[in-house]
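Student: I would like to learn how to read a protein model one feature at a time. Could we begin with a single residue and work outwards from there?

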Amino acid sequence: MITKLLKNIFVPFFAKIQALEYSLGLIADYVVETGTDGIWTYEKWQSGKAVCWGNSAQTVDVNTAWGHLYLGWLADISLPSGLFTNIATVVGTADAGSGMWVDMRIVTNPTTVGGYAYINVSKTALEVNVRMIVIGTWK
């Protein structure tokens, strides 16, 4: 209870200090909001930058023939609701075991990210863990 009380007193105080430092040019930018939404953790910055990061585990059916290989596509992943007005960068890595390759094709709009291609030498279903960082703007 004391921790919550102190947080309610000091967080608004320090937010006002940061806003003053920003307006005086003493700091370049600062976080105005943090939170979580589903698989995502996010930050909103005073400058308008927005950043989120998260993990998505999915089963991908690798069954579309492509020469002597097979492809599968990860389903689109919804971003935090209303966070982005524009997306500038998406960085992702994926784990799906050995015997396959990953070629990232990123499809984004302000609400979803996805389009990872999985290439394997045989038809299979892969358990895939994708870790992503998305950077854009919120205002």
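Student: Which residues is K44 in contact with, leaving aside its neighbours within four places in sequence?

Tutor: A contact here means heavy atoms within 4.5 Å. By that reading, and with neighbours within four places in sequence left aside, K44 is in contact with Y30, V31, V32, E33, K49, L83 and W138. Please keep in mind that this is a predicted model, in which local features need pLDDT of at least 70 and side-chain atom pairs count only at pLDDT 80 or more, while totals for chains, interfaces and linings use all residues. Residues are numbered from 1 along each chain as its sequence is written, and side-chain values use heavy atoms, with hydrogens and water left out.

Student: Is K44 buried or exposed, and in which strand is its place?

Tutor: Burial is read from relative accessible area: buried means under 20%, exposed over 50%, and partly exposed in between, with a 1.4 Å probe and protein chains only. K44 has a relative accessible area of 15%, so K44 counts as buried. Its place is in strand 2, which covers residues 40-45; helices (H or I, at least four residues) and strands (E, at least two) are DSSP runs, numbered from the N terminus.

Student: How do I read the pairing of strand 2 and strand 3?

Tutor: Two strands pair if DSSP finds at least two bridges between them. Strand 2 and strand 3, the latter being residues 49-62, pair in the antiparallel sense over five bridges, and the bridge partner of K44 in strand 3 is A50. The hairpin of these two strands has three residues between the strands, and G48 there takes a positive phi near 110°.

Student: What is found on the other hairpin, that of strand 1 and strand 2?

Tutor: Strand 1 and strand 2 pair in the antiparallel sense over six bridges, with V31 standing opposite W45 in strand 2. Their hairpin has two residues between the strands, and G38 takes a positive phi near 65°. G38, in the loop between strand 1 and strand 2, is exposed, with a relative accessible area of 76%. Although G38 and P80 are 42 residues apart in sequence, they are 7.4 Å apart in space, C-alpha to C-alpha.

Student: In what order do the five strands form the open sheet?

Tutor: The order is 1-2-3-10-7, and the pairing is antiparallel. Strand 1 (31-37) and strand 7 (86-95) stand at the edges, each with a single partner strand, so one side of each is left without a neighbour in the sheet. Neighbouring strands of this sheet are turned by 20° against each other on average, direction ignored; such axes are lines fitted to C-alpha atoms, for helices over the stretch in contact, and angles run from 0 to 180 degrees between N-to-C directions. Within the sheet, strand 3 and strand 10 (residues 124-137) pair in the antiparallel sense over 14 bridges. In strand 10, V134 is the bridge partner of C52, and M132 is that of G54.

Student: Which residues have the most contacts inside the largest nonpolar core?

Tutor: A nonpolar core is a set of buried Ala, Val, Leu, Ile, Met, Phe, Trp, Tyr and Cys residues joined through side-chain atoms within 4.5 Å. The largest one has 20 residues, and those with the most contacts inside it are W40, C52, L79, F84, V113 and V134. Strand 2, strand 3, strand 7 and strand 10 each supply at least two residues of this core, and strand 10 gives the most, with five residues.

Student: Where in the protein is confidence lowest, and where is it highest?

Tutor: Confidence is read from pLDDT, which the predictor gives for each residue from 0 to 100. The mean is lowest in strand 8 (residues 100-108), at 60, and highest in strand 2, at 96. For the protein, the mean pLDDT is 80, and 70% of its residues reach 70 or more.
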